[in-house]
Each structure stands twice: as structure tokens, then as C-alpha cells.
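Please report on how the strands of this chain pair with one another.

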Amino acid sequence: MIMYFKTFFVIVYMFSIGACQRTPTISYISQEQIKDIGGTVELECSVQYAQDYPVLWMKVDRGRTVEPLPISTGSTLIIPDGRFSLRYDTASSTYTLQIKDIQETDAGYYQCQVIIALYNKIQAEVDLQVRRPPVISDNSTRSAIVSEGQKVSLECYANGYPLPRISWRRENNAILPTGGSIYRGHILNINTIRKEDRGTYYCVAENGVGKGARRNIAVEVEFAPVISVPRPRLGQALQYDMDLVCHVEAYPPPALSWIKDDVVLSNNQHYSISHFATADEFTDTTLRVITIEKRQYGNYSCKAANKLGSSQQWVDLFETVIPVCPPACGQARYSSAASVTTSNALILLVALFFFFK
């Protein structure tokens, strides 16, 4: 019997010693958390056998380049931030760190630490990732000016979490120089740009958070003038006005001139020149021949020139018997000779009418 009690005493003693020497453990830590800006997150850490040891929450920079920041010790918060709160559940020995109104700077690793000795601790950590809408970086292309035939690269980069996807589009869903209406990738390369490729390009960054981000990129293509003449032959009667028109397409805007018989024309009592820009690349130039005289019939050239080249087209002004309207639609300026000519023309028309009748 005595031997039995001795054995029982030794077992109880050894059990009590073992119980006192149990090492604290972290039995549970929250898994990775992904939250939106402005949301709320709760991070849980359950510990065992840590009643006599300090338990801390620490914020660790994602790059681990700065010292960890203590947030709480035991059930007491250290940082004076109203967005943070701490709960301790004695039944499960769980420390719950709550963060409200999450901000971008809250992203990082959160460590639950149990300090065992001066140079001895156990720890576990949870990664808090904050979802952020895309923001297009300043090093992205804002605009581009390139000469026709050259290569141009449009670049677009964006920050955000998850990492944004970049796509390219053109205004009014026009076809991209690379083909198709959408191109995906950070860099849109146009190997040989044409004047038809000018316009507004859209860099669109999307990651499923918010509405995404968009930047409008204006692409200007410099090219030599191209002239079109809507009416290369025009007739008008003596002593009436007539407008000669050229449509010019060029960038940068060209210098425009009208020439007859190798003489550059200017505004005077015989001619009136006007230019009207319909867009950055389009200009209409009009030469009004005033109160036409015999010597003013013939070929007129419309010329346009910029740093990339020049172009020239011709308009032939010839004499007619009957005035052409417009511009001769109101009171015309004509002499008695012109009146006689017009009267003779009307008599001729009447005679022809009765002849064929």
C-alpha cells in the first residue's frame, strides 16, 4: 500500500511539472484577407497555454524594409486610431483585431506574437490585401505627334489591386492600326503610322474594382498636304462673281496661296481670298473672282505647303453666256455691255424655243 501511494505521488508530481512547462502555441490564425477600401476586416489569433505570456499584434510592412509596428499587447490597444479595436474571448483564448474603414496603407502582414523569453517568441501572420481601383500612372503616354510613315509606341501603366488589365480602343470604336477594335497589353505599337490613324486613343485599365480608369491619348500625324477640287471647271458670265474652291488636308496647317499666270494673288478689287478651317487637318480655301473681266478667265492654281511637302491643283474658269447662280444670285454688278450681251442671250433662247416648237 505504501509503495502504491509513493508511485501515485510521483506520477502526480511529474504531471504537474509537465503541465507547468507546457510551451505556448498559436492554434489558429486567420487566412489571407482581401478587402475593399472602406470595408471592415477582423483578424483572429487563438493561443494556448499563454496566460502568463505577452500576446501582441504587430503590423509588418509588405516589403519588410521598416521595423514592425506594435498594435496591441494582451487585450490593450497601443495605437491611438479609432478605426482599430480589439476583443479577447477567454473561452477560446482568441484575440480579434478589427479594422474599420480600411485604407490603402492598411495593407500588409499582421503578426500575432507570443513572447516567451527575451530572445524567444512564436509568431504567425495573416496577409491583408486591400483591393484598390485602377489609377493610370504618370509615366503613361499623354499625347503623341509623329510624322506619317514613322513608328509610334503608346504606353499605358496602372496601379491597383488586383493588378489592372490594360486594353486599347479608338474613338467611336474605329479599327486600330494593329487590326480589330480592341488591343490588350501595356504598349500599343504602330509600326508605320498613316494619316488615317490620327485621332483619339483610349487606354482602359480594369481590375473589377470600381468603374476602372481611362485616359484619352491624342495622336497627331504630320503629313504633306493633299488637295481636292470639288469643281475643277467653272463657267461664269462676264461682270459676275465666281467662287473657286479647294479642300486641303494637311498637318501641320499649311500655307495657302492662289496663283494665276505665275502671279501670287492677293486681296484687291479683283480678288477676295478666304480660308476656313473645319478641323485641325482640314481647311477650305476660296478665291472669289470679282466682276469677271475677259483677262480673268483661265487656269488658277491652288497651292498648299508645310514642312513635309507641298501640293498643287488647278481650277479652270471659262466664259459662259448665262450667269451661274450661286454666287450670282442677287443684284449683279454689270455694265451696259454686259446687259446687251445678256439681252442678246435671252433673245437667242426665245428664238430657239419657237424654232423647235
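## The five-strand sheet

In this predicted model, an open sheet is built from five strands, ordered S19-S26-S25-S21-S22. Its pairing is mixed. Strand S19 (233-236) and strand S22 (263-264) are the edge strands. Each has a single partner strand, so one side of each lacks a neighbour in the sheet.

At one end of that order, strand S21 (residues 255-260) pairs with S22. The sense is antiparallel, over two bridges. Lys260 has Val263 in S22 as its bridge partner.

Strands of a sheet pair through backbone hydrogen bonds, either parallel or antiparallel. Strand S10 (residues 120-136) pairs with strand S2 (residues 33-36) in the parallel sense, and with strand S9 (residues 108-117) in the antiparallel sense.

The S9 pairing runs over nine bridges. A hairpin links S9 to S10 through two residues. Ile115 has Lys121 in S10 as its bridge partner.

## Other partners of S10

Four bridges make up the parallel pairing of S2 with S10. Here Asp36 lies opposite Arg131 in S10.

Strand S13 (residues 158-161) is another partner of S10. These two strands run antiparallel and are joined by three bridges. Ile136 stands opposite Ala158 in S13.

Notes
Residues are numbered from 1 along each chain as its sequence is written. This is a predicted model: local features need pLDDT of at least 70, side-chain atom pairs count only at pLDDT 80 or more; totals for chains, interfaces and linings use all residues. Side-chain values use heavy atoms; hydrogens and water are left out. Two strands pair if DSSP finds at least two bridges between them.
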